[in-house]
Amino acid sequence: MAPRIADGEDTELQLKSNVSNNKLGDIESGEDAKKSVPENLPILHKVLIPARTPLVHGLKDAVKEIFFPDDPFQEFKNQPRKRKYLLGLLYVFPILDWGWNYSIGDLKGDVIAGLTIASLAVPQDIGYAKLANLSPVHGLYSSFVPPLIYAALGSSRHIAIGPVAVVSTLLGTQLRRELNPITQPELYLRLALTATFFAGLVEFTIGFLRLGFVIDFLSHATIVGFMAGAGITIALQQLKGFLGITHFTTDTDFISVMRSVWRNTDEWNWQTALIGSFFLVFLFITKYIGKRYKRLFWVSALGPLASVILATAFVKVTRIDRHGVKIEAIAIGRTFAALKDYHVDGNKEMIAIGLGNMAGSCTSCYVATGSFSRSAVNYNAGCNTPLTNIVMSIVVLITLIALTPLFYYTPNAVLSSIIISAVLGLVDFKAAFLIWKVDKIDFIACLGAFLGVFFVSVEIGLLIAVGISLTKILLHVTRPHTALLGKIPETNIYRNLLQYPDAGRIPGILIVRVDSSIYFCNSNYVRERTLRWVNEEGEKISASNGISIQYAILEMSPVMTIDTTAIDSLKELSNALQKRHIQLVLANPGASVMEKFQLSSFIDYLGEEWFFLTVGEAVQVCSTLMKDSISNLQERRQL
């Protein structure tokens with residue numbers, strides 16, 4: 001199908017030497033420029049058409065690639081029935097797997113890690129519950145029931161489950177628009193538990209239907225921006241407790257918060273601010289020590305609990321609460337898998353966390369999920385299995401039963417300091433700077449998500465993050481990258497002229513690479529962009545008095561698939577080029593593309609002689625045809 005000439009260097013040199021003798025237009029456009037490939041040229045390579053895939057098999061393969069790219073049932077292949085039942089049980093309940101093989105050697109690391117994350121979880125849970133406008137007891141409940149469910153069903157050995165700041169803020173903001181948590185506390189709690197149940201149901205459904213890939217639509221840049229905005233917004237909201245302000249805005253945007261702070265300066269309490277500042281500095285110091293000296297990670301983990309204990313004891317002894325320092329006044333009755341080289345099934349994670357929230361909503365828990373800070377502490381503490389979540393749950397239960405009355409004198413300023421020190425870690429300046437340095441469009445997405453959270457609200461920021469991510473995807477799909485190719489000197493390799501300026505253009509031949517599959521949404525762009533390349537290169541050739549373009553080669557290696565709209569667009573491109581006396585040539589179309597070309601009769605339409613295995617072979621044939629055309633012109637002139 002695709003003929004090949006031996007080495008094409010002599011052909012190209014000879015053609016270039018004729019440029020001086022044949023000015024632009026000397027190669028007469030017409031049939032000579034577009035004639036079929038001579039039959040005497042040897043055919044060494046063909047662009048093969050794959051065997052047709054039956055419809056059922058095609059659909060099966062498509063479903064597998066969409067929903068089961070990690071092949072989670074690989075272990076079930078070629079296994080006896082009883083073994084499959086056992087593997088199925090272990091797949092649904094991973095605790096049976098790691099629990100059966102559990103060793104005493106793992107126990108020490110798990111217990112230490114569990115105690116460590118529990119010491120971090122207790123003060124954080126109390127503070128995060130306030131973000132959701134709920135009683136602190138519900139924050140502790142959320143670190144008791146969901147972690148137990150996750151320990152039985154989750155696939156990660158290092159993730160720690162519990163309330164997190166961003167989700168708590170988002171929940172509190174949304175619910176507060178429907179009910180007032182102060183005047184309608186019972187209805188507000190019911191609504192929060194209902195929202196938790198349905199959040200768990202959605203998570204479970206996504207995991208069960210293996211739709212976890214939808215999360216991939218959020219780019220890293222937008223997540224960085226969203227988390228930074230959420231961190232700063234949550235920190236600013238803590239100025240209420242940090243300064244002892246009573247009348248504070250319910251809005252979360254920067255302008256509303258700062259207006260509320262400066263309009264209520266008469267409510268500021270210097271004792272409260274002093275306590276908050278002292279423990280905030282203390283927490284930053286412990287975090288610095290834990291980050292600087294990896295072996296002292298426990299200093300950072302124990303910082304929040306130590307702050308609560310010290311501040312509570314201080315208030316109890318000094319009774320400074322009688323001087324305007326507000327206290328809690330509660331008396332409750334009763335991404336590490338890669339580092340350890342094991343697989344985490346994202347869909348199973350969604351199922352485990354979803355079931356944990358559904359069960360938790362029935363036991364007065366609000367939304368819980370994987371906490372990055374606790375998971376990092378869990379990993380650094382040397383955890384080996386999900387038993388750490390069980391240990392943490394036991395410690396939280398003991399706290400609920402026996403220790404919570406001790407928190408009666410805990411000052412709000414300390415809880416605000418704990419939240420501020422935790423959420424400011426969400427602001428990743430290094431990641432933002434790297435995004436700016438690498439990709440300015442990505443940085444715009446990052447900045448947009450940040451500004452949406454910072455100046456409007458957390459949920460609007462989240463919507464902006466999703467919107468920007470989808471817009472970026474649409475831009476890449478509808479406006480795929482194209483490039484002009486040239487030949488690397490002394491090789492038969494063709495690369496982007498912008499990336500390799502030394503690569504040479506081939507006289508009379510335009511080589512364009514399309515770096516994307518071609519669909520209905522971008523086929524018109526590909527056609528118009530190719531024609532624009534032809535116009536732009538034609539103007540340069542006209543200015544340099546060179547050989548006009550006779551062949552336009554489309555390098556189709558990156559084109560993995562194509563649809564009927566795109567095939568029609570290629571026909572229109574071929575017709576438009578023919579009117580300019582330019583032949584369309586295709587190089588290295590893939591198996592799926594060739595199959596659709598055959599089914600649509602596009603191969604017959606274009607002519608199978610214009611399909612080549614490589615760009616090099618296409619250039620050699622086209623150069624030879626142009627050389628023959630020049631020779632024929634010269635002979636006719638002599639006659």
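Me: Why are helix 10 and helix 21 called roughly parallel to each other?

Reply: Helix 10 (residues 220–237) and helix 21 (residues 440–455) pack at an angle of about 25°, with their axes 7 Å apart. Angles under 35 degrees count as roughly parallel, and therefore helix 10 and helix 21 get that description. As for handedness, helix 10 passes helix 21 in a right-handed crossing.

Me: What makes up the contact of helix 10 with helix 21, by class?

Reply: That contact has 13 nonpolar, four polar and one charged residues. On the helix 10 side you will find, among them, Val224, Phe226, Ile232 and Leu236, and these residues meet a set in helix 21 including Ala445, Cys446, Phe450 and Phe454. Asp442 in helix 21 is also part of the meeting, and Asp is one of the types that count as charged.

Me: Which residues bring helix 20 and helix 21 together?

Reply: Ala432, Ile435, Trp436, Lys437 and Val438 in helix 20 meet Lys440, Asp442 and Phe443 in helix 21. By class, this contact has five nonpolar, no polar and three charged residues.

Me: What makes helix 5 and helix 18 oblique to each other?

Reply: Helix 5 (residues 104–131) and helix 18 (residues 387–403) have axes that come within 8 Å and cross at roughly 45°. Roughly parallel stops at angles under 35 degrees, and roughly perpendicular starts at 65. The two helices are therefore oblique to each other. Helix 5 contributes residues including Leu107, Asp110, Leu115 and Val122, while helix 18 contributes, among them, Leu387, Met392 and Thr399. By class, the contact has 13 nonpolar, three polar and one charged residues.

Me: Now to the sheet: why do strand 4 and strand 8 stand at the edges?

Reply: Six strands form an open sheet in the order 4-3-5-6-7-8, with mixed pairing. Strand 4 (494–496) and strand 8 (611–612) each have a single partner strand, so one side of each is left without a neighbour in the sheet.

Me: How do you know that strand 7 and strand 8 pair?

Reply: Pairing asks for at least two bridges, and strand 7 (residues 583–587) and strand 8 have two, in the parallel sense. Leu586 stands opposite Phe611 in strand 8.

Me: Which helices pack on the sheet?

Reply: Helix 23 (residues 523–544) does, touching strand 3, strand 5 and strand 6, and its direction makes about 150° with that of strand 5. Helix 24 (residues 564–579) also packs there, touching strand 6 and strand 7, with its direction at about 135° to that of strand 7.

Me: Where does pLDDT stay under 50?

Reply: One such stretch is residues 1–34, for which the model has 90 contacts beyond four places in sequence. Another is residues 329–336, with 21 contacts of that kind. Where pLDDT is low, the predicted coordinates should not be read in detail. Over the protein chain, pLDDT averages 81, and 87% of the residues score at least 70.

Note on methods
Residues are numbered from 1 along each chain as its sequence is written. This is a predicted model: local features need pLDDT of at least 70, side-chain atom pairs count only at pLDDT 80 or more; totals for chains, interfaces and linings use all residues. Side-chain values use heavy atoms; hydrogens and water are left out. Axes are lines fitted to C-alpha atoms, for helices over the stretch in contact, and angles run from 0 to 180 degrees between N-to-C directions. Helices (H or I, at least four residues) and strands (E, at least two) are DSSP runs, numbered from the N terminus. Angles under 35 degrees count as roughly parallel, over 145 as roughly antiparallel, 65 to 115 as roughly perpendicular and the rest as oblique. A crossing is left-handed if the near helix is turned anticlockwise from the far one by less than a right angle, and right-handed if clockwise. Contact means heavy atoms within 4.5 Å. pLDDT is the predictor's confidence in each residue, from 0 to 100.
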